[in-house]
Each structure stands twice: as structure tokens, then as C-alpha cells.
Amino acid sequence: MAAPTLQQPSFLLANLKADSTTKPLLLRCQDLVKIFDDYPAKELHPVFPWLMEVVFGSLDGILAGWNLRFLHCRSSEYNIVMEFLSPTGPLMKLVYKLQAEDYKYEVPVNYLPGPVKACIQEGVLPDCPLFHNKLHFPPTGLLSLNLALNPFEFFMFNFAFCLLTPKSFPPGHQGSSTDSAYFVLVDTYLKYFLPTEGSVPPSPFSDSRGSVTAPSPRASSVSFAGYGVHSPSLLKHHIFHQPSVNADPAAQEIWRSETLLQMFVEVWLHHYSLDMYQKLQSPQEPFSPTEEHVLVVRLLVKHLHAFSSSLKPEQLSSSPSSPSAHSHTHPSPLEEFKRVVVQRFVQQKLYLFLQHCFGHWPLDASFRAVLETWLSYIQPWRYTGEKSNAQVEQNRTVPDKWESFVHENLLMYTKLFQVFLNRAVRTDLVNAKNALMVFRVAKVFSQPNLAEMIQKGEQLFLEPEHVLHHRQPRGYLTPSQGGSFLSSRQRAVTDMVFRVKSHVYSLEGQDCQYKQMFGSELRGAVMKLVQIIAQARQTAKRISDQSSEVTSSGSFLSWFGLASPDINNTFSGAEPEESGEYLKKTHEFLDRALENLCQIFKLNQGHLNQVLSTLGSSQDDGNSKQLPDCVQGENGLILTELGRRQLINGLRRFDLRYQGDPELQPIRSYESALLVRLLYRVSSLVNERFGGHMTALCSRPDFLGRLGRHFLTDPAGGARLRQSPACRDTAERSRRPRLSLRPLASFRTLLLLLLFYLLGALLSLGPGSSTLLLLAGGLLYGLFMTLVADKLKAH
């Protein structure tokens, strides 16, 4: 690069763009480090937006950038990227350098989360102060609004938004999401800007203009308004009346921490509005998160619990809703931040995010990511210290100090448990991965003291409404638009009844119909799940027994014809998740889930044993071998709603077989491809030439007709037709009389013929004599089977 004095900004950006296509990453990063040090902020200002696209990709997803989401530690570029993007690395130093000069960078409102975009386009200020006082109004109107962000906000927005762009792995770059450069960077940023020990390291360019929000003048007390739930009537401030900027010095200590968390929460979680669930309508297109997205959210939840739990012991008692919150002690802004970070910043948006995932996620094992995110949130006590997993498992009792957390997050426990219950009864619990999820939920809720806390929270909510006559329709916080979270303090709320009711009404609406987790209706749903679990246990045992039988019958002797010659006669549940060790795990998971459910809901063990024994006897009576419930249609069997449920839960199955033309089945590994094609042509010529004669022969009612049907048709085809949902016309065509020579292409058949001719040679029989003997034996076998069939019909 030329010396700074000889270089113009336009040339600087042009040279950087040229180098990005020719130089390797290491040299590019080394050049950038030197440029960041040598050039003033004025000349680096136009480079910064381009650099964000180079690193994180474009917001429209066309440019992939450095592809942080599939860059893993096995890559030679991994360490270069991690050093360049670290919280103390060269790129962050550039951010601080630009921050000190108060530069702004525009982001189109169209790229903001759906509810925020809809709110702005309606001319209303969003409830998050992060977006206040940053709107630029172009002459074209509100539909083309831009958001003016400072350098740190712009960096964090691009970094967070990188997770939402479509992800396509180049060949050879498949890997786990949890060890990608992006996942590790999220963890690194969280630990640096939201430290569990010590304070946030100061930025090298501290300045009052670094305030990340538009703080309103300080009131007599400090509040975290703007992050919790609000009354809609209080939110409708027109965007043309944005608050003025008065930087709050007390907020400067943690402005970067506040910005990072707000940006992560808004970009990753704020895709669903309260109206979507309270009014069953949504102003925006539904957003569907990926499994990788949910795993990153879980990382955020776990770190926030650890961050909040690192509050100093003397501050723990000063919760925002306790009387001591107005004591004369003055905790640091970071300590204030820790005390309210989960409830005020995350609770509402995460609740809606999880509720959407529970209702729309596919019914497969990938739901485990959503499940573990939920379980991580409702178990903050797991992230309070450095206890080993063994210690956590040994002392599973939930400490009493977490009772207020359970009460203030009651819906996270009760409502989401009910939604999970609805999923569980529609899931194939014979699959070990699905059985594990049911076991995990039952294990978490069976922790001693937790069920009692939830039950007490429900009792508080059901208290008379005498304390709520003065409340707003939703929410109990007084929002202060446009300020930092330190702009005013929440008033003391000592009534736990009021807090629980406010929590429920703020998330579900004033007219919500709350269903008790320990009420009679939900207990009935739990008993239904218990029955399905018991049925799945029986099904897993039956499949395991059938699998063992198939395995034992597939011995070396069966290869010589002692087993069934039907090439379709194989166990249908041959997937790894439904065989061998997986079925043993299924039984174990379901057994332990039953035990935990009995413990949680105090189920009567005698009644439960009666249910299990009844189900066991019905399975032993052959009920599992019956067809799923269906009705006969014009073209075959049609499943009813009950039949679908029986299939999903593995209670009954169709005898699924290939129902097309047997001659056109795919060539198997035990067949000669050349012989299959050759014999098909021969048999096709014969069937085409003599098809009418064969049909006439098989139509005769006498013994000769029955003998022809034995050799030229499939006697079991009719039975299979009644046991399958196949199209009747297709099945009937496959049963027409025809000559089939395909069995002669099997290596097993060829070997048996070779052994037969070798035996004939040892007995001094020529090939012709051996062939005649073979045909005669086949004819005698056919005569015998026809006579036996006639005798059986007679009896």
C-alpha cells in the first residue's frame, strides 16, 4: 500500500476491493491492520460499510462474506479470522476509532425484524430504545426509511444479521454449528461484553457520543422501561416526535453491553408480536428459524443466566421488585444490569419465539434444539457456579431462592409444557430420539421443589382480582420512550400476586383463559400421554422381537433357500433408530419418563399399572398386527384420522410391499444385472405372444386351471392387496397371469443350479437329463401344492 499522504479515500477503497480478489486472507488482514493504524477516521469512514459486507456478507444474502458459519477450526483461515474479529482485535479497534468521530451508517428498515418494521411503517415508535432517534426520513416517504446506526451498532447489527441469511455449505465444508467460527465468536463477545467476573473493559475511545440509545432526562429513580412489556396505548408515539438526545453519563459504563444484548435479542428473537397470539393475526410474514439459529439462541440464554447469577451476594436481595431496591446503596450500572437482564430484556420475546417454534417445528428429532433452549431458560440454577455435572445431578433439588423466578416466568413453565404435551402425543415415541425428548422434559419438571413452586405460582395467579382494579389493560411497567434502561427506576412492587398476574396478562392478554398445569383437564392430557408412552413401549418391544427373528432367520442356511424366497419379506423398520440398541434405549427412556410423570402429577400407581397391563394384554392378543383404522375407497384403502394416529405412534402398520410390476423392480445386489435384463426381454416376448392363452388357462375352473394359476400368478397377491393402501388398479395389473424368469437371475438360484448339475455329473447324468429331472421335479411340486390347496379348501 502507498503512504497515507499519497492516497485518496477513493483510491484506498478501490485498492482494497482489488486486493480482496487477488490476495490471500492472511495478507489482506495484515494490510488492513496497517491501514487501520495509519489512516485517519475520515478516510476509513467510507471503507467501513464495504468491510462489513466483506466480513459478514451482504444483508440481502447475495454476498457470503467470510462464511463464518461454516468456518471451523480445521480450516487454515480459522485462527486468522478469530484474531481479526476478537473483541480486542483490529476490526473492533477500527469500530472504536470511528465511534469517537460520531459517524453514522444507514440500514434500510426493510431488514429489521417484522414487528419492528411494521411498527415503523405505521408511523409508531418501536418499544425498544435501540431504534429511537435513529430514523432518517427520505422524501419518498416512510416505506423507504433508513436507520442511522453508530459504528458499534452497525458492526453488531451486521454480525447478528449474518445468522439469518440463507446458509449453503460449499462442498467439503459440512460441520457442526456449535464449533463454527460464528458460534465461537458469539460466545466470545458475550463473555467479553457481559462478563460474569469483573467489569467490562473500557473502550480505548470513550466518548459521550458513544451512547447507544437516546436517553431521556434522568428521573429521580432508575428504571428498565422499554425492555419489558408495555401497554399498546403507551407505545403509540409518532416517529416524527422522537425524544431528544441527552447522554446519560451513568449509562456509559455499559453502553456496549446494552447495545450488544439489545441487538442480539431484536435480530434473533423479535420476529413475532403479541398480536400474533393474542389476536390470532400477524402483520408480517412468518419467520422460520433454523436449527443453527436456535442453538445460538440457547447459547445466549445460558450465558445470560450465568451473567445474571454472578450478581454480588449483597445485591441479590435487592431485586427490582423488592422493598430494598430503594435502599441507600448505589450499585454499579453493571450490577443493575445483571439484576434485570433476563426478565426485562429476554422474557417476552423468547416466550413468543419458543411458542412459535413449538407450534411450527417439524415433528422430528431436530426439535431437540428448541427443547433444550426452553429447558435451559427454565433452569437458571444450573448456571449459577462452577459445579460439575455430577454435583448438579446429585443435588437436583431446586433452591428456594429461585421461587420468585419461577413465579415471574410462570407461563414459560406451564403454557409451554402444555404446548409440548400436544406435540408429544403426535410424535413417534418408538424412535429413541423422540423418546429421549419426553424423558428430558419429565426429568426437568420432576426436580424436587419445582412442581410445588409452579403450583404455588398458579395459586397466586388465581387469587381474587382485588389488587388489579387500578391496573392498565396489559403490563405493569411505565415505559419511558427513548431512554437508556437506566433512565428511571421501576417503582417498588411488593405484592407477588400482582407480579404473577401482570406476567400472565402481559404475555397472554387480559382476557386469557388460563389452564392450570395441575388442573383436571391437563391431568387427563397427561394420562393420555401415559397411555401413548405405554403403547410405544409395547411397540418397541414387538419391533425388537421381530428384528431379532429376522436377524436369526437371515443366517447362512437361509441363503440357500431355507428362508422365504420373497425378496420383499424383510423387516420394514430397518432404520438404525428403530433397531438393536436404539430400541433398548427407547424402552429405558420411556420407563423413566413414566416414573417422572407419576412423580410430577402424583398419579395413582395402581391405576397406572392397570392401564399398562391392559395395554400389554391387548398387544399380546394380536391387536398390534391389525391394520390401521381405514375405510374402503374406490381405489383402495383410505386412512381415517384414528388410523393416522395409530400409524404415527407405531401402534399399527400396513404390510408395505412393492405393488408395481414385479418384473420392473430395481435390480438387487444379489442379482445379475445382465441376466435380469436378458430374461426380462425373453419373458416379455413370451407373455406378449402367449398372454391370451395363459389368461384363458388360468380362467378355467378345473384342476388344469388351478395348476396354471399356481405357476403363472402370485397366490399371495390378493392377501397383500387387502393389507396395503396401494392403488387397486396397479395391484390388479401386477396379478395378471405371466411367465416370470427373473428368479433365474439370482446368484443364489444360479449357485443352487450349479450344485444340482454338479451332483448330476457325479451321478453320471448329462446336462439334458439333469434339466429334464429338474423340470419334472418342479411339475410334481406344483401338482402336490395344488392338491394340498384343494384339500385345505375342502376342509
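Biologist: Which residues form one aromatic cluster that includes F56 and W268?

Modeller: The cluster is made of F56, F152, F155, F159, Y182, Y189, Y192, F193, W255, F264 and W268. Before we go on, note that this is a predicted model: local features need pLDDT of at least 70 and side-chain atom pairs count only at pLDDT 80 or more, while totals for chains, interfaces and linings use all residues. Residues are numbered from 1 along each chain as its sequence is written, and side-chain values use heavy atoms, without hydrogens or water.

Biologist: How should I read an aromatic pair, and how many does the structure hold?

Modeller: Two values describe a pair of rings: the distance of the centres and the angle of the planes. Rings of Phe, Tyr and Trp (its six-membered ring) pair if their centres lie within 6.5 Å; planes under 30 degrees apart are stacked, over 60 edge-to-face, and the rest tilted. The structure holds 36 such pairs. In one of them, the ring centres of F36 and F84 are 6.2 Å apart and the planes stand at 40°, so this pair is tilted. F36 belongs to helix 2 (residues 25-38) and F84 to helix 5 (residues 78-85), so the pair ties together parts 48 residues apart in sequence. Helices (H or I, at least four residues) and strands (E, at least two) are DSSP runs, numbered from the N terminus.

Biologist: Are F36 and F84 buried or exposed?

Modeller: Both F36 and F84 are buried. The cut-offs are under 20% relative accessible area for buried and over 50% for exposed, with partly exposed in between (1.4 Å probe, protein chains only). Y189 and F193 make another tilted pair, with 6.4 Å from centre to centre and 55° between the planes. These two sit in helix 9 (residues 181-193), four residues apart, about one turn of the helix. Y189 is buried at 0% relative accessibility, and F193 is buried with a relative accessible area of 0%.

Biologist: Which charged residue lies over the face of F367?

Modeller: That is R423, at 3.7 Å from the ring centre. A charge sits over a ring if NZ of Lys or CZ of Arg is within 6 Å of the ring centre and within 35 degrees of the ring normal. Likewise, K501 has its charged end over the ring of F461, 5.2 Å from the centre.

Biologist: Let's turn to the sheet. What is the order of its three strands?

Modeller: Strands of a sheet pair through backbone hydrogen bonds, either parallel or antiparallel. Here an open sheet has the order 1-3-2 with antiparallel pairing; two strands pair if DSSP finds at least two bridges between them. Strand 1 (105-108) and strand 2 (135-136) are the edges, each with a single partner strand, so one side of each has no neighbour in the sheet. Strand 2 and strand 3 (residues 146-149) run antiparallel and are joined by two bridges. H136 has N146 in strand 3 as its bridge partner.

Biologist: And the backbone angles: what is phi of N67?

Modeller: Phi of N67 is near 55°, a positive value in a residue other than glycine. N67 is in the loop between helix 4 (47-56) and helix 5, and is partly exposed at a relative accessible area of 25%. S764, also not glycine, has a positive phi near 65°. S764 lies in the loop between helix 31 and helix 32 and is exposed, at 69% relative accessibility. L765 is found in the loop between helix 31 (747-762) and helix 32 (767-794); L765 is partly exposed, at 33%.
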